[in-house]
Amino acid sequence: MIALLLLAPLLAALLIIVLRRWPAALGLAGSLGALVGAAGLLWQVRHHPVVRFTWPGLPGLPYGLGATPFTALLAVIVAVVALLIFVYARGYMAHERGKVWFWASMSLFVAAMQLLVLSADWLLFVTGWELMGLASFLLIATWHWEEKARQGAVNAFLLTRFTDLGLYLGIVIILLQSGTSLMQAEPGPAIPLVGALALLLAVMGKSAQVPFQSWLAGAMAGPTPVSALLHSATMVAAGVVLLLRAYPLLPPASLPYIGAVGGATIVLTGFTALCSNDIKQLLAASTSSQLGFMLVALAAGFPGAAVSHLVAHAFMKSGLFLSAGLFQHQNESTLFARISGSGRTAPVALAGWALAGLALAGVPPLVGYWSKDAILAAGLGAGNPAWYFGVAAGGALLTALYIGRSLGLLWRGPARPAADAVGLGLMRAGLLGLVGFVVGGGFFLADVLRFVGYALPEAPAAQLTGLTAAALGLGLGWFLRAADVGTPVLRFVQDNYPIGGGFPALVGRPTLALAAACGRFDEYLHRQVLGLGGAVLALAGRGRRADTRLRQAAAGVGPATLALAARTRRADAGLAAAVQGLAGAFRRAGQLSRPVQSGLVHRELLWTVLGVLALVAALFVSLFRWF
Amino acid sequence: MNTFPLLSLTVFLPLLGAALLLLLRPRGRRAAFAIGIGTAALTLLAAGLVWARGVPGGFAQLEELPWIPAIGAAYRLGVDGVSLPLVLLTAVLFLATLIYSANTSEQPASFVALMLLLETACLGAFLALDLLLFYVFFEVTLVGMYFIIAGWGHDNPKQAALTFFIYTLVGSLFLLLAILALYLGAAPHTFDMRALLAHPPLGGTAALLTFGALALAFAIKTPLFPFHTWLPTAHTAAPAAGSAILAGVLLKLGGYGFIRFGLQMTPDAFRQLAPYVLGLAVFSAIYGAFAALGQTDIKRMVAYTSVNHMGYVVFGVAAAALRPAGGPFGLDGAVLQMVSHGIVTGGLFLLIGALQDRTHTRDMGQLGGLAPAYPVLSGLFILASFASLGLPALAHFPAEFQIFLGGYQVAPVATALLLVGLIITTALYLRAIQRVFLGEQPAVLSPLGDLGARELWAIGPLVALIVLIGLYPEFLLGLIHATQRLIMAGHE
Amino acid sequence: MSSGGMDMKRDLLLVLPQIVLLLTAVGALVAEMLRRRRLGLAWTLGGLGAAGAAALRQLGADTTAFSGTFRVDALSHWSVLILAPAAGLCCLLARQELRGTPREGTVYSLLCFGTLGAALLAGTGDLMFLVLGLLINSLSGFALAAYSKTKAGTEGALKYFIYGTVTTAILIFGLTYWVGITGDTLLTSLARPDLPPLALAFGFVALITGLGYAASIFPFHFWTPDTFEGAPVSVAAYLSVVPKIGVFFALAQVGRSLPANGPVAWPLVLAGLAVASMTFGNLLALLQQNVVRLLAYSTIAQAGYFLLGVVGLPAGAGARRALIVFAAAYAAMNLGAFAVVLSTGKTLADFRGLGTRRVFAGAALTVFLFSLVGIPPLAGFAGKLLLFEATMAAGYTWLAVAAVLNSVLSLAVYLRVVAAMYFGGTGETSDMGPVSWAGQAVVVTCFLVTVLLMFVF
């Protein structure tokens, strides 16, 4: 079953690349296969709670795949959401360029997410994690002839890859501590705080938490099904899955950090969503904010609440995206200025948006009501309820506000005739499927969670607060206008708080400048090395002159040395005789050399004399030793 | 059958092919490359047989013939888990590059003969178990590569070839000094590497100096900062096949040398100086990444990433030298990284060659939109790029991850710094992909079209290997690990 | 000592190679008088071959002749085995260079005389033989150096002559001290423990002076570059090889008898001279534009390596073998280099593009030069390796290190020529006329020896 689950989408991706034909059909088939596999797997784990097999990976660090009820459930949810989005995309992409690229990457994306979900060891986990990054890069760049898409794809991959370094570091620490790559059923001692923070960094990047939330906005340049997939059950969800997997190993000291990150994200990106002028940008900011809820729940010590919101959010957010895509398809734009009022002419899209949105705002009995309740209850149960509960309640209010505002914007405004778009039927089918889960899912949420081993916290105060926040927010939000005022503060919030110019100015440009400097320095270095060789050759070029000068120097040193020698010769009679003999030879040599006008021989002979004297001196030293 | 000199056959098969070429002097391109490709394929087969015969860990399949008994030098060959992966890499890459360059029209017979000579030299260097024999093969690689760059290069090949020649010759001179020191330090004097490995002969200052000479020699070959400046120059001038071999195989002689000589023959000196080597390797890796990011020529860019990747190799070896803690993972990773880098970068250089054939430029500023124009070429390049930036499931990941594991045990901060190299590499490849392959399709396309059969036959297997190593590294790691355990146990 | 016909006959048989050399020289002279040059060349080559064959037959013997005054041992045998072919190659070079000139035949004869002198030096067991060998060698050398009557040639020859006479005078003067203190002229007498150290030391200094000039040891080398430049290339080749080998073997014979731990610390002195020679020769060679001068300084540097072998003598037989192997390697690579120079030109500019113009000559010269550096597996490596070993065995590790470092330096020297051949672009210069079979034969022979020597010794 696991094999079918993983291989179906993977094979689909490969076949699409190789055949370059029937991309949508193959993609759908793969997705269907994955769903069958996932369902089968869920059936399997009903009887055997743990299915696991391993094979050799790195020495001493085996690979492993496996399923627990929880991961099987996740796999099913991923498969369901993916299949519905695929159905929708069949219509959405019907007349777009780059189908092969799109469908192959989508299938790869799903395969990677399933690998991440089903991995039973850290190496495969990181494999799925990074493959998903690659697939998201390709998907965002589907329309790569647009500058925005290229830039968004690069930013997304680069930013998440940067934070992935934290994952590497964290996994290295985990592996070295536990001695094996397999995820242990019995958790060992907690890892050091630095490891936990490294993992948190990876989560912040993948789940688009502050300050790394901006890549998610850039990723909107991709086709809408991509956004839907990215924001619901995959990609951003991977960060929370990582935290859930690592949860038993996290030291208690790391939880406040997680809570702080989640809380800050809820509030900051919540405001971004509230100020957004673009329906997809609103959803992007909302995703970060909702994932912040899950972090807060985890930090409060209630992973069950986080899981429930993860599941609920998958359906709600993909539903929202799919209806946003319908609006986009009808109006060729995602700006509120261009789509406001079109809700009245697109009942299915509006119904989908309204249901999913109300669920997100926490309106009963939709699925989001239950999960948001759980998180608020988790906040109350935390060690520091003032902070956790406060931030969760504020977040709920913000959520309701921006949903209410978006409903108001879609309903009011000029009536726009529905454009004659192609493929709307399939798109609506996908949307309706998802909305079905949003509407009905809430009734099964608690049971399903109990089945996979998580309990949902409950508290009447939380329920009351949630309902109040939803009602208040939706009511107020309805009357909020499109924020077209170009005030700097608003723009700052809309653009995800680009402090000091944001990543391009703070990191991107300095890095490129440093790189250019390195490149120039390297050329300089190379020239220096070449110059060294050239200098040696130049030295050789001056060979003759140097040679002459050396001889002249020899000629100068010679007489001086001879004078010195003359003073020392009295020391030994035999030596004196030798020197005298040499002096005679020297005179004769001088006479002989005159005819050829050399004048050099005698000078050089002095060197020889010097050499003889040096030898004598050396031997004298040895003689003293001997005496 | 077990006495059949399979190693010698593997080493000298290409030389036989070269001799055949010189003997027959085929006029046509087809005949020359038929001989060349046939020989390279047989060599790969022979290397595969060596593998099939089994390499348990220590040196196996030994062959020994007296050569110069007067000075204790002999013809000694043997294979272990460190050399066999490199031998297989060499055989694969030479076959691929010969297939790839089968359209060389300029003096094809000489080109093939030189390539085959180079293959013999590379295989010989990896399999030699005698210092002198190693040195001779080591030098011949230099000569062969020089002529390939000077004869079939572009831009300013003579200048680049000269730089390459002088640089590496100076390096090999230091190697010679170290070899002399090892020889003279051993009692009785011998060039037998196995004896020297079993009992590292030198100690104290002599060992430190010898290791210094070895480190310098192999730092130039590997190359490490600041001895790397010959590399981009040589790559820019070399033909695609030459670049692939240079990066894929010749650089590995440096890494191999660090293991076989530095780690195994002067272990104590290496351990003493390992912190400095570690530091240099980290700096080299990061510097190489930054310098690559600063390039506009795509080939120079890939050349600089070699500085980065080979920095990881030296890092892994140095971590192993600081045993016992960092030993196993670091060394395993370093050897696998050499193979991965050979396959990935070899493939990348061939792809860049194919790209240059079509666009006649390597300036990334002038390129763009090639993905819709040449989907196969672009797809393979993107895949190889992601392999090179260390994406899991592709060849570099298992190697680099082990290097990080090994490094973290001995030097956590240095390892964290090393990770920075990873993100810079990512940035540079993404930039390259974005500028060269993405975007609107160019108006004028080359009549060559997408990758042809010749190019696919050359590059396809390399890409398959990239995925295979990424998904199932055990098939090489099993070999490497067995030898690594012996090495580490021998020096505890 | 006993006397009698048997002993005399035995002694004469023992010096048969030297006698053959003498007859060859005389015969060549006769041929020249008859103006039969080809015959003279043939006779010379045949005679040299016969001398070599005679030496080969005696290989393995270790005895003395003429009451211990001449030693018949490995050094004397191998000196003939190396010098006779070397002289033959010099004759071939001379044939190419001097063919048709008036005194062509005289050159063959003088080459043989010089070789005879060197062979006598190599087997010397007696001070008289030492002086005799040196004189025979030097005198023919003077005449050869003065061959060309150009100004440079005359100046070089005169310089050589003056140096030769002065240093030989010093040598003879100093050796009289040895004769005085030992009472006889046998080298073995020097081993006596009761000799006055001062006189012994002075004699040794004189010996080094006299022999050092012939072998171009620093600081007795000053004649070398000028003489090489002025003389015909074939003569320069001869001067760089034959006298040098004779002298170092003679030094080795002295070193065999002179106690190393005695009053005269001669190995230390020679070690110092070795370092000075190597360093000085390499540094100055680096500065030369003229390839002949470059090779001249290179022979000074190589003389330093020869000294390593003498320094290592007290440690055992390894040093003697090292000397012999290095001598053979040196003869091949140096003669080969000169042979290529002869057919190419004297300045570095002449070598531009040689690597592509004449592929074999370029490759051969590269091999010779790399062999001079000492890169494996060429002959020079074998010689130097054995020399290093011998030096270290004698306890002179620092000397071996200095020699190794000098090898690094020498790479730069020789690489300049290689760089000119392969990287200097194509020179406009034409070669020095057609290459004769004789010159080609020399290059090929030297090439083969340089490449293969390691595999056979």
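The model is predicted.

Chain A has 627 residues, and 58% of them count as buried. Its secondary structure comprises 25 helices and 2 strands. Contacts were also sorted by separation in sequence. Among pairs at least 6 apart in chain A, 81% join residues at least 24 apart.

The domain assignment divides chain A into four parts. Domain 1 is written as two segments, 1-184 and 191-248. Domain 2 spans 251-489. Domain 3 covers 498-541, and domain 4 covers 542-626.

Domain 1 of chain A brings 48 residues to the contact, and domain 2 of chain A brings 53. The size of an interface is often given as the accessible area lost when the parts come together. For domains 1 and 2 of chain A, the buried area is about 4100 Å². Carbon and sulfur atoms give 80% of that area. On the domain 1 side, A:Tyr88, A:Gln209 and A:Tyr247 supply 16% of the area buried against domain 2 of chain A.

By contrast, 15 residue pairs are in polar contact, with both residues at pLDDT 80 or more. Six elements of chain A each supply at least two residues to the domain 1 side: helices H2 (23-47), H3 (69-92), H7 (193-206), H8 (214-218), H9 (224-231) and H10 (236-246). The largest share, 14 residues, comes from H3(A). By residue class, the side of domain 1 of chain A that touches domain 2 of chain A divides into 35 nonpolar, 10 polar and 3 charged residues.

A single position was then considered. A:Thr127 lies in helix H5 of chain A, which runs over residues 122-140. The relative accessible area of A:Thr127 is 7%, so the residue is classed as buried, the cut-off being under 20%. Leaving aside residues up to four places away in sequence, A:Thr127 touches A:Leu115 in chain A. A:Thr127 also touches B:Pro392 and B:Ala393 in chain B.

Conventions: Residues are numbered from 1 along each chain as its sequence is written. Chains are lettered from A and ligands numbered from 1 in the order in which they are written. This is a predicted model: local features need pLDDT of at least 70, side-chain atom pairs count only at pLDDT 80 or more; totals for chains, interfaces and linings use all residues. Side-chain values use heavy atoms; hydrogens and water are left out. Domain bounds come from an automatic or database domain assignment. Contact means heavy atoms within 4.5 Å. Buried area is the accessible area (1.4 Å probe) that two parts lose on being put together, summed over both. A polar contact is a pair of N or O atoms within 3.5 Å; within protein, one must be able to donate a hydrogen and the other to accept it, and residues adjacent in sequence count only if both atoms are side-chain atoms. Helices (H or I, at least four residues) and strands (E, at least two) are DSSP runs, numbered from the N terminus. Ala, Val, Leu, Ile, Met, Phe, Trp, Tyr, Cys and Pro count as nonpolar, Asp, Glu, Lys and Arg as charged, and the others, Gly among them, as polar. Buried means under 20% relative accessible area, exposed over 50%, partly exposed in between (1.4 Å probe, protein chains only).
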